[in-house]
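Colleague: I would like a close look at one part of this model, the charged pairs. Please set them in their surroundings as you go.

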Amino acid sequence: MIRSFLKILLIFVLGVLGGLWAQIYLLPYLAGLDYFQDFQFVKMLKNRKMVVYPKTENTIIVQENVALQSAVERSEKVVIGVKTKTQKGEVLTGSGLIVTSDGLLITLADLVPRGSDFYFYVGGEWPAYQILKRDLENNLALVKIEKGSLPTAGFADLEKTKLGERVFLVGTVFKEEGVEYIVNEGIIKSFQESFVQTNIFEDAHISGSPLFDISGNVVGLNMIDEEGNVSAVPVNTIREFMGLE
């Protein structure tokens, strides 16, 4: 019985090897002969296409990186710097967002407390300004500067926003030699009507920086806690504060 089994196994192995040999060597040879050109198996062999498995994951990563770089380049133009000297002599620094081309800005109310001296860095200039209103509950302030023809960004649709969606922030950093932009990226961990939570960690000096999606649309305005966790006042709250709802 064992001999019979071994004989069957040997025949099976030889059959598999013979099939591979025929497919790799014999069939391509026959396909090259004129006599066999009208045979159906030759026609099928010629029509067969070899498909190399595409590295879709790497392709996606490259495409996303290019999209991110492009979005960052556009987004830098709508980010402004905020520098404040309080009545106690404390210096506060942060960022904000251009929301209309005629000079309306949004920043955090924490960055522009009443009775302080404010400076807004917009497109390489320090224009005159007026604080229009503050919303201490949602930590927002609306500012009007004397400067027009400003670049703007679109607002993201939070109803289409998903957990795990890739986002990035762009903020300003004040240094002795001038103002620099800083970028950080991550994903959305959770969001509700009152906040958008990310997995990004940053320095408190980046407070007020806008949070963007991968398309460069504004998701919210960032707040940073003592541990460096970045969460954002959502764009829907910003729109309501501005009276755009």
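Which side chain meets Arg166 in a salt bridge, and at what N to O distance?

Modeller: Glu185 is the partner, and the N to O distance is 2.8 Å. Keep in mind that this is a predicted model. Arg166 belongs to strand β7, while Glu185 belongs to strand β8, residues 178-191. Glu185 has 38% relative accessibility, so it counts as partly exposed. Side chains of opposite charge can pair when their charged atoms come close.

By the 4 Å cut-off between side-chain nitrogen and carboxyl oxygen, the count is three salt bridges. Another of them joins Lys175 and Glu180. Their closest N and O atoms are 3.2 Å apart. Both ends are partly exposed: Lys175 has a relative accessible area of 40%, and Glu180 stands at 35%.

Lys147 and Glu125 also pair, with 3.2 Å from N to O. This bridge links distant parts of the chain, 22 residues apart. Lys147 sits in the loop between β6 (140-145) and β7 (166-175). Glu125 sits in the loop between β4 (117-121) and β5 (129-135). Lys147 is partly exposed at 22% relative accessibility. The cut-off for buried is under 20%, so 22% leaves Lys147 in the partly exposed class. Glu125 is partly exposed too, at 40%.

Phe120 touches Glu125, and its other contacts include Trp126, Pro127, Tyr129 and Ile131. Ile80, Gly81 and Val82 are also among the residues that Phe120 touches. The largest nonpolar core holds 35 residues. Phe120 is one of the members that touch the most others, along with Leu105, Ile106, Val122 and Met242. Strand β6 gives the most to this core, with five residues. A second, separate core has 14 residues, including Ala156, Val167, Leu169 and Ile224. In soluble globular proteins, nonpolar side chains tend to be buried together.

Now the sheet. Six strands form an open sheet, in the order β4-β1-β2-β3-β6-β5, with antiparallel pairing. The edges are β4 and β5. Each has a single partner strand, so one side of each is left without a neighbour in the sheet. On average, neighbouring strands are turned by 30° against each other, direction ignored. Lys85 stands opposite Asp117 in β4. Across β3 (104-107), β5 and β6 lies helix α4, residues 235-242. Its angle to β6 is about 55°.

One more site is worth a look. Ser75 is in helix α3, residues 56-75. Ser75 has a relative accessible area of 2%, so it counts as buried. Leaving out residues up to four places away in sequence, Ser75 touches Phe168, Val170, Phe212 and Gly216.

Notes. Residues numbered from 1 in each chain as written. Predicted model: local features only at pLDDT ≥ 70, side-chain atom pairs only at ≥ 80, totals over all residues. Heavy atoms only, no water. Helix = DSSP H or I, 4+ residues; strand = E, 2+ residues; numbered from the N terminus. Buried < 20%, exposed > 50% of the residue type's maximum accessible area, 1.4 Å probe, protein only. Pairing = 2+ DSSP bridges. Axes fitted to C-alpha atoms, helices over the stretch in contact; angles between N-to-C directions. Contact = heavy atoms within 4.5 Å. Core = buried A, V, L, I, M, F, W, Y, C linked by side-chain atoms within 4.5 Å.
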